[in-house]
Amino acid sequence: METKAIPASAGVPVAARSGARVRRVRTSWTPWWTAYLQAAPMALVFLLFFILPLVATVVVSFWNYTEYSIEPAFVATNYADVFYGCFSGGSALCTTFATYLSTLKFVAIVWVATLAIGFTVAYFLCFHVRTLPMQIALFMVCTIPFWTSNVIRMISWIPLLGRNGLVNETLQGIGLIDAPLEWLLYSDFAVALALVHLYTLFMVVPIFNSMMRIDRALIEAAYDAGATGWQTLTNVVIPLVKPGIVIGSIFVVTIVTGDYLTIGIMGGQQIASVGKVIQSQINFLQFPIAAANAIVLLAVVLLTIWGMLRLVDIRKEL
């Protein structure tokens, strides 16, 4: 049996063997500044509406002010006034620390309530509602209240929780109480209820987004391995939903920390918060100390966000 030698030119393209000129396909080249040009509009908006106002707030926080005037200067008396009496060694809390504790109390209550409600709603929509049209319809039900003003949604609680409101009238009518419940309105309960009502959706959406990304094969594998529903929830679902929980927590914590309108209306102007302190100082044209309070509040919020981001890497979610 004879073996035939393969010519050396067999693996060379015909065009190359025939001496024809082969054209190279040129790849498209993009200038290095194109990416910066695309990001320029958003960077400009960020600069004009965040960086410059923040810089102006920092500058004004060091100005001097009297009862009649504001003088550009560089003094630290505003920050000293913010923490006046906090480090004197007395047993009583200073006004600033007491105000921050009152604010953080509402932050903790609202965060726990919105997390419990938001996780439950997101879990139901993700794992129990099978069809997309029904999910969209239920999401619309959740978002319809956001079509109205926050003030209107807060005021709507007053006819329900007031002394002669629907709740007290109903409880008295069925004989459960003899006198109206005073703590239903203009109290810590009313403030927490209104805040949960306003901001639960900020927790639902990120958690639902994280749950929709979970591979259903992982759930099925957990059940096939003999895991119970609770074990699947704690060992599979919750670890995979942590980025969404952190994102929703950041939304809720930052908004509630600076909220002053809800606390003022539902608390009857009797409950202290950091946002209300800053609002009062602005109303009295005490801009330097209001700016100092705002910078301290911003530092507290950033420290809280930093602590949350240390727990979970949300870049996977973004």
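Hi everyone, let me start with a term: a residue is buried when its relative accessible area is under 20%, exposed when that is over 50%, and partly exposed in between, using a 1.4 Å probe and protein chains only. What we have here is a predicted model, where local features need pLDDT of at least 70, side-chain atom pairs count only at pLDDT 80 or more, and totals for chains, interfaces and linings use all residues. Residues are numbered from 1 along each chain as its sequence is written, and side-chain values use heavy atoms, leaving out hydrogens and water.

Now to helix α15. Helices here are DSSP runs of H or I with at least four residues, numbered from the N terminus. Among the buried residues of α15 are P288, A291, I295, V301 and M308.

Who packs against α15? Helix α2 (residues 34–60) packs on helix α15 (residues 287–311) at an angle of about 120°, with the axes 8 Å apart. Those axes are lines fitted to C-alpha atoms over the stretch in contact, and angles run from 0 to 180 degrees between N-to-C directions. On the α2 side, L54, T57, V58 and V60 make the contact, meeting F287, P288, A291, A294, I295 and L298 of α15; contact means heavy atoms within 4.5 Å.

Finally, a look at I238, which sits in helix α12 (residues 229–258). Is I238 buried or partly exposed? Its relative accessibility is 28%, so I238 counts as partly exposed. Setting aside neighbours within four places in sequence, I238 touches F119 and L233. I238 and F119 are 119 residues apart in sequence, yet their C-alpha atoms are 9.6 Å apart in space.

Terms used:
Helices (H or I, at least four residues) and strands (E, at least two) are DSSP runs, numbered from the N terminus.
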